[in-house]
Amino acid sequence: MSEAPENVRLIGGEMLLWSDASCATDWGDAALELVRRLLPAGGRVLLAGPHPPALVDEVAAHAATVATLLRSYPDACALAERLPRLEVYCGDLAAFTAGAAYDLVLALDGLQRTHSAEAPAPSWRGALAVLAGAVAPGGRLVLAVRNDLGVDRFVEARPGDREGSDAQWAPHGFDPTYPNGVGALGGELESAGLAVEWRYSAYPGHEAPRALLAREALDLPEALMVPLSGCGGDQVLVADPLHLTRLAFSHGLGEDLAPLWLTVASRPPADGARGAGDGQRLPLGLVEDGTVVREIARAGEEWVTRRLPDGAAQPVPAGRLVEEVLVEACVREDVRAVRELLAGVAAWVEAGGDVTAAADSLVWDGERFEAVTPGPAPAEIPSERAVFSRIAWRFAVRLLAAGHHHPWPWPQDPVRLALTLCDMAGRPCDQADLDRGRKLDAELGRPAELGQAAPTYRDLIGARERLADQLTAALARVARLETRLTYRERELTKARAKLKRARQRATAYRRTLGSQLSRRLTRRLARPRAVARKVLRRLSG
Amino acid sequence: MDESNHWYGHSRILSGYCGLPDDTPKRIQGFLQHGWNYLHGFPPNDHWCSPGYPRFIWSDVLRRRGWSMGRRGHYLIGAPWIYLLHQEPGLGRIPEAERRGTIWYPFHGWEKSSVHGDHAKLAAEIREVEQGPVTVCLYWLEFANPAIRRAYRSAGFRVICHGERGSRWDGNGRDFLRGQLTELRRHRRVASNRLGSALFYGASVGCDIAVYGDPMQYEDERPEYGGTARRMRLWPELHGVEVDRAQAAEVARRELGFDYQATPEELVRMFGWKRVGVA
């Protein structure tokens, strides 16, 4: 074990051969924005569990005292070396005793990755109690809790959490204190002496949340749904995430089925003192789309979005998402509707429509098209063909990735489909146009990508993975038996050689002595059992 | 399966527990943890433990650590020592008041790696600390070295060796643990310069334990274990000249896996000692 940097304190339970760096919740700029607004000026901050480097840097740059608690020894050393001013506690949360309490405790990765393999896993409630104990009066705890019944669970074909990964020596599914809903979560926080101030639902998935919506922002217009339902590349889908998320919201289950909840709770201040959260309003919603973060707010009855840091408020247009309308038409093989709508979009682009819009960020109210969140145009204005071919490409990829039925006979070829869509709109494009469209899509951030695998079924995959495991084990057995066999054969060869040498020696003796005696002797020696029988017979007779 | 399954007479003890003759122990279809360890029950380079065969380990913390390091197929049965105690409740037992002195186990190397340290200095330290008679028990490799034997003998200690750890084919290791049990039950204290199996065995049969003196170094000590510093952090209460007996017995209970003792029938099935028809 190498020497730890000076600012690392080993508190017990540290994991030497472990890293959480690649599996911690990958929060993006939306969470960063929220944390920025929560940071107390000149306060003490604790980051419990692994956090993305950008977030740690932001906190380290603005808080007076920053401590982190990590269970992984290599992670702790790397962080301590990178930020020498940080106090890095390395070990199990249960072994952590805060000297002075903290004004802000951030546990944006939840409590799962705060206990180590060195001790039996504590209950979720037990871990929360330790963390809540570190919050100063008037201070805040920001805690993420993964929803076991999140919408992302329904979308993913593979078993939850890749059952049985190295991190799951004590899966939390068997912990009865783990909150089984937002209500239970609030109750747990209150029991721990904290008052819930804000409760956010995080979308689109628990691994990389990109949008935070407060309870008051859950009756969102459809136009804002898309960023909530992105799917990462490492997913095997069984359902269309956009469709399912839209249904969850329209059924009023946006909070109950959120993949992750982020709660901001505070410890009541000592008598007469002012709490950290007094009079502070946090955003209703923060949505990250590509490289852009937008704040969602209400202006009277209307929803508005504001591009951060200093964009002006823009109303959210009413109408249906073009992508949804197109998917519906594809599902019922209504190619005429597809042609007309695409032609309409193409005409809108040619009439100077927003070049950054695509079918998934464009609404149609039956007459007019409008971009949901018009972004800044790229430095070089792309050609209309490139813009439209990007729209066609993006839709083709998303349609195939979501696994919807469609009238075209090639299920896995988005290039061909995109070119066909351009033809259907009466704007024929060639491969070069399409390449420019794809390039534009990549430049604008959040490019559409086709997943590796086609939608498939949970049990089929389970069976396949089981078989793969069995095969690995069987191959390992074969390899081992081969090694043993080789070893035994070598031994056998040696024994045979020995036997051969002994025989040769015996023959040589016979030849040298050449007498009757030697022949009888060697024959007798070669047949010891017969000799023994003869001797016995003679003795008994 | 693997040679180490038969070391220290482990497979013979388990055969005996299962009511089978122990002259030629059968092959165990799996890998038996052969010594106390604070990684995952096996050495860091355990590629020889082929997946698909169970890893028979002593305690749950090894399972959790092993799991986090990508190992699967752990099967907790506790240490063979607990099966020996089960079979030999009275072996070597003498009245409690007659137990005398300390049995001292200097940390040992093994057939492929030796240990570096100053045995004479360690002997002097033992002399200084221990009040009663001292028996020093060496591993056979160190016992074969006259210089090391002399270092302890000249300090007035009795020097013994529990023998080679043996193999499946020879009877060498057969009575290793029985001999150790007899010795431990004769002594009042067991001590070493490193926490190890012998100390936990001793604590489980009522010895006081102590860990002191230069912990010595392997020639190529693996960093995965985290070294002496990690042992000190994990078990600070077990290090020192005087250690709380009840606490030591409790840790020994956990580390030797007394709660995981399996039934003979279960072991017979798990070790592949029962004939099964192939469908």
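In chain B, helices H1(B) and H3(B) are oblique to each other (angles under 35 degrees count as roughly parallel, over 145 as roughly antiparallel, 65 to 115 as roughly perpendicular, and the rest as oblique). This is a predicted model, in which local features need a pLDDT of at least 70 and side-chain atom pairs count only at pLDDT 80 or more, while totals for chains, interfaces and linings use all residues. Residues are numbered from 1 along each chain as its sequence is written, and chains are lettered from A and ligands numbered from 1 in the order in which they are written.

Back to that pair of helices. H1 covers residues 10-17 of chain B and H3 covers residues 80-87 of chain B; their axes come within 9 Å and cross at roughly 45°. Helices here are DSSP runs (H or I, at least four residues), as are strands (E, at least two), and both are numbered from the N terminus. The axes are lines fitted to C-alpha atoms, for helices over the stretch in contact, with angles running from 0 to 180 degrees between N-to-C directions. H1(B) goes past H3(B) in a left-handed crossing (the near helix is turned anticlockwise from the far one by less than a right angle; clockwise would be right-handed). On the H1(B) side, the contact is made by B:His10, B:Ile13, B:Leu14, B:Gly16 and B:Tyr17, and on the H3(B) side by B:Pro80, B:Tyr83, B:Leu84, B:His86 and B:Gln87. Two residues are in contact if their C-beta atoms, placed from the backbone, lie within 7 Å. Sorted by class, this contact of H1(B) with H3(B) comes out as 6 nonpolar, 4 polar and no charged residues. Nonpolar covers Ala, Val, Leu, Ile, Met, Phe, Trp, Tyr, Cys and Pro; charged covers Asp, Glu, Lys and Arg; the others, Gly among them, are polar.

The phi of B:Tyr8 is near 55°, a positive value in a residue other than glycine.

The crossing of H4(B) past H6(B) is right-handed. B:His119, B:Ala120 and B:Ala123 of H4(B) make the contact with B:Ile148, B:Ala151 and B:Tyr152 of H6(B). The contact of H4(B) with H6(B) has 5 nonpolar residues, 1 polar residue and no charged ones.

As a whole, chain B has 11 helices and 10 strands. Its radius of gyration is 19 Å, close to the 19 Å that the globule rule gives for 279 residues, so chain B is as compact as a globular protein of that length. The radius is taken over C-alpha atoms, and the rule is 2.2 Å times the number of residues to the power 0.38. The C-alpha trace of chain B spans about 65 × 40 × 35 Å along its principal axes.

Chain A has a helix pair of its own to look at. H10 (residues 384-402) and H11 (residues 414-424) of chain A pack at an angle of about 130°, with their axes 8 Å apart. That makes H10(A) oblique to H11(A), and the crossing of the two is right-handed. From H10(A), A:Phe388, A:Ser389, A:Ala392, A:Trp393, A:Phe395, A:Ala396, A:Val397 and A:Leu400 meet A:Pro414, A:Leu417, A:Ala418, A:Leu421 and A:Cys422 of H11(A). The residues of the contact of H10(A) with H11(A) split into 12 nonpolar, 1 polar and no charged.

Chain A also holds some cis peptide bonds. One joins A:Tyr203 and A:Pro204, with omega at about 0°; A:Pro204 lies in the loop between strands E7 (195-203) and E8 (211-214) of chain A. Another runs from A:Leu308 to A:Pro309, with omega near 5°, and A:Pro309 lies in the loop between strands E12 (302-307) and E13 (313-315) of chain A. For context, most peptide bonds are trans, and most residues other than glycine have a negative phi.

Where the chains meet, the contact takes 16 residues from chain B and 19 residues from chain A. Helices H2 (60-68) and H9 (227-234) of chain B each supply at least two residues of the side of chain B that touches chain A. The largest share of that side, 5 residues, comes from H2(B). The side of chain B that touches chain A has 5 nonpolar, 6 polar and 5 charged residues.

As for confidence, the predictor gives the complex an ipTM of 0.72 and a pTM of 0.76. Chain B averages a pLDDT of 91, with 97% of the residues scoring at least 70; pLDDT is the predictor's confidence in each residue, from 0 to 100. Chain A averages 85, and 89% of the residues score at least 70. Within chain A, confidence is lowest in helix H14 (residues 516-526), at a mean of 63, and highest in helix H3 (residues 73-82), at 96.
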